[in-house]
Amino acid sequence: MSDHEDKHEESLLEKISEKVKGHDLSSSSSDSDDDKPSESSMKAKVFRLFGRERPVHDVFGGGKQADIFLWRNKKISAGALGVATVIWVLFELLEYHLLTLVCHLLILALALLFLWSNAATFIHKSPPRIPEVQIPKDPVLEFAQALRFEINRGFAVLRDIASGRDLKKFLSVIAGLWVLSIVGSWCNFLTLFYIVFVLLHTLPVLYEKYEDKVDPLTEKAWHEIKKQYAVFDAKVLSKIPKRPLKEKEKEKKKD
């Protein structure tokens with residue numbers, strides 16, 4: 001009887017220990033499950049420049065233009081930057097004019113064709129054949145439709161900004177245009193275009209490489225800008241009289 005009781009007690013102890021272990025494992029797994037969403041939420045709360053949630057490559061469209069700006073294909077990127085640099089040097093540093101350049105290129109092409117055509121009889125080769133330019137119809141129509149869509153969307157954005165519904169956006173656009181006008185007074189359009197082109201070929205790839213270091217700094221700067229805007233809103237913008245909603249609705253109905 002005593003042996004039977006001892007075995008019974010041992011089996012009860014084993015069952016109790018197994019239950020305790022199972023409870024610990026379930027609690028630990030539940031704790032780990034509870035930790036997972038917190039980690040994902042922490043990752044989701046990471047500040048990214050311009051509020052983006054996608055990689056930099058997807059922000060630039062994810063196509064060939066993104067590959068060029070992010071130097072995925074170094075030959076094409078270097079070639080594009082080299083051509084832009086040559087054009088800027090010709091027209092800005094050497095003060096070459098577009099009409100002069102076109103005329104000089106045509107003179108060179110005509111001289112080469114003249115020499116080749118006359119030398120063909122002596123070297124017993126056929127004269128040069130000038131190819132015919134053929135442009136497919138469908139890509140041109142697609143480009144025209146895409147251009148029309150972008151222009152209409154730009155006009156819609158301008159109309160929305162000018163309506164004054166979002167005062168913050170309106171003031172931001174005015175400030176941006178004012179800064180751009182100041183920069184435009186320092187240099188001509190070609191130099192400004194070249195600077196933007198160089199920045200597009202350098203800043204995105206540098207940001208993609210060091211985004212973990214840049215994002216915390218931009219987060220601090222963004223919080224400071226928001227703080228200063230809140231002060232400006234409290235002292236200036238809040239004191240500007242606004243039209244009641246009924247008047248706006250009446251104007252919409254008239255339009």
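Reader: In this model, with which residue does R165 form a salt bridge?
Author: The model is predicted, and its side chains place R165 in a salt bridge whose closest N and O atoms are 3.7 Å apart. A salt bridge requires such atoms to lie within 4 Å, so this pair qualifies. The partner of R165 is D160.

Reader: Does R165 count as buried or exposed?
Author: The relative accessibility of R165 is 58%. A residue is exposed when its relative accessible area is over 50%. R165 therefore counts as exposed.

Reader: How many residues apart are K227 and E224, which lie in helix α9?
Author: The side chains of K227 and E224 meet in a salt bridge at 3.9 Å, N to O, and E224 is partly exposed, with a relative accessible area of 37%. An α-helix has 3.6 residues a turn, so residues three or four places apart point the same way. Both K227 and E224 lie in helix α9 (residues 211-235), about one turn of the helix apart, a separation of three residues.

Reader: How many salt bridges does the structure hold?
Author: The structure's total is five.

Reader: What span does helix α6 reach from its first C-alpha to its last?
Author: Helix α6 covers residues 137-162, which is 26 residues. At 1.5 Å a residue, a span of 38 Å is expected, and the helix comes close to it. Just after α6, G164 takes a positive phi of about 80°. The span of α6 itself is 38 Å.

Reader: Which helix gives the largest share of the nonpolar patch?
Author: The nonpolar surface patch of about 450 Å² is made by F170, L171, I174, F232, V236 and I240. I174 lies in helix α7 and counts as partly exposed at 43% relative accessibility. The largest share of the patch, three residues, comes from helix α7.

Reader: How many helices are there in the protein chain?
Author: Read along the sequence, the chain follows the pattern α-α-α-α-α-α-α-α-α-α. The chain has zero strands, and its helices number 10.

Reader: What percentage of the 255 residues count as buried?
Author: The protein chain exposes about 21,800 Å², and carbon and sulfur atoms supply 66% of that area. To count as buried, a residue must have under 20% relative accessible area. Of the 255 residues, the buried share is 10%.

Reader: Which element of the protein chain has the lowest mean pLDDT?
Author: The mean pLDDT of the protein chain is 76, and 73% of its residues reach 70 or more. Helix α4 (residues 74-93) has the highest mean pLDDT among the elements, 91, while the lowest, 48, belongs to helix α1 (residues 2-44).

Conventions. Residues are numbered from 1 along each chain as its sequence is written. Side-chain values use heavy atoms; hydrogens and water are left out. Helices (H or I, at least four residues) and strands (E, at least two) are DSSP runs, numbered from the N terminus. The expected span of a helix is 1.5 Å times one less than its number of residues. pLDDT is the predictor's confidence in each residue, from 0 to 100. Buried means under 20% relative accessible area, exposed over 50%, partly exposed in between (1.4 Å probe, protein chains only). Patches are made of residues with over 30% relative accessible area and no salt bridge: like charges are joined within 9 Å, nonpolar side chains (Val, Leu, Ile, Met, Phe, Trp, Tyr) within 5 Å. Accessible areas come from the Shrake-Rupley method with a 1.4 Å probe; for residues, only the protein chains shown count as cover.
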